[in-house]
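This report describes a single protein chain, from its overall dimensions down to selected residues. The sequence and the model come first.

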Amino acid sequence: MVGISNIKVRLMRYKNRREGLAMKVKIIRGGLLAAAIVLILIGVSQNGFRDIMNKAVRICYECIGIG
């Protein structure tokens, strides 16, 4: 038969494991967010938005037969 103390130990292990996983997820999310911000800033500084808009306009004109 499983004692009450054994159940408490299992619950504590589960809780600690879950908290550790939550912390890892937060760290990964933070790292991805930081990387995304850096890459967006690099793209903006190199006028990447203008290039993408020009390509999008050309593609749309080609689709309708004007370009």
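## Helices, extent and exposure

Isoleucine 64 lies in helix α2. The residue is exposed, because its relative accessible area is 59%; buried means under 20% relative accessible area, exposed over 50%, and partly exposed in between, with a 1.4 Å probe and protein chains only. The model is predicted, so local features need pLDDT of at least 70 and side-chain atom pairs count only at pLDDT 80 or more, while totals for chains, interfaces and linings use all residues. Residues are numbered from 1 along each chain as its sequence is written, and side-chain values use heavy atoms, with hydrogens and water left out.

**Overall form.** The protein chain has two helices and zero strands. Both kinds of element are DSSP runs numbered from the N terminus: helices are H or I with at least four residues, strands are E with at least two. The radius of gyration of the protein chain is 26 Å, whereas a compact globule of 67 residues would have one near 11 Å. This radius is taken over C-alpha atoms, and the globule rule is 2.2 Å times the number of residues to the power 0.38. Along the principal axes, the C-alpha atoms fill a box of roughly 80 × 30 × 5 Å. Buried residues make up 0% of the 67 residues. The accessible surface comes to about 6500 Å², and carbon and sulfur atoms account for 68% of that surface. Accessible areas come from the Shrake-Rupley method with a 1.4 Å probe; for residues, only the protein chains shown count as cover.

How far apart are the end C-alpha atoms of α1? They are 62 Å apart, which agrees with the 62 Å that its 42 residues should span at 1.5 Å a residue. The expected span is 1.5 Å times one less than the number of residues in the helix. Among the 42 residues of α1, the count of buried residues is zero. Leucine 21 is found in α1, which covers residues 4-45, and counts as exposed because its relative accessibility is 54%. Lysine 15 is also placed in α1; at 46% relative accessibility, lysine 15 counts as partly exposed. In the loop between α1 and α2 lies asparagine 47, with a positive phi near 55 degrees although the residue is not glycine. Asparagine 47 has a relative accessible area of 40% and is therefore partly exposed.

Helix α2 has 17 residues (48-64) and reaches 25 Å from its first C-alpha to its last, close to the expected 24 Å. Lysine 55 is found in α2 and counts as exposed at 53% relative accessibility. Phe49, Met53, Val57, Tyr61, Ile64 and Ile66 make a nonpolar surface patch of about 650 Å². An α-helix has 3.6 residues a turn, so residues three or four places apart point the same way.

| Residue pair | Apart in sequence | Apart in space |
|---|---|---|
| Leucine 21 and cysteine 60 | 39 residues | 46 Å |
| Lysine 15 and arginine 58 | 43 residues | 55 Å |
| Lysine 55 and isoleucine 7 | 48 residues | 62 Å |

Definitions and conventions: Patch = residues over 30% accessible without salt bridge, like charges linked within 9 Å, V, L, I, M, F, W, Y side chains within 5 Å. Salt bridge = Lys/Arg side-chain N within 4 Å of Asp/Glu carboxyl O.
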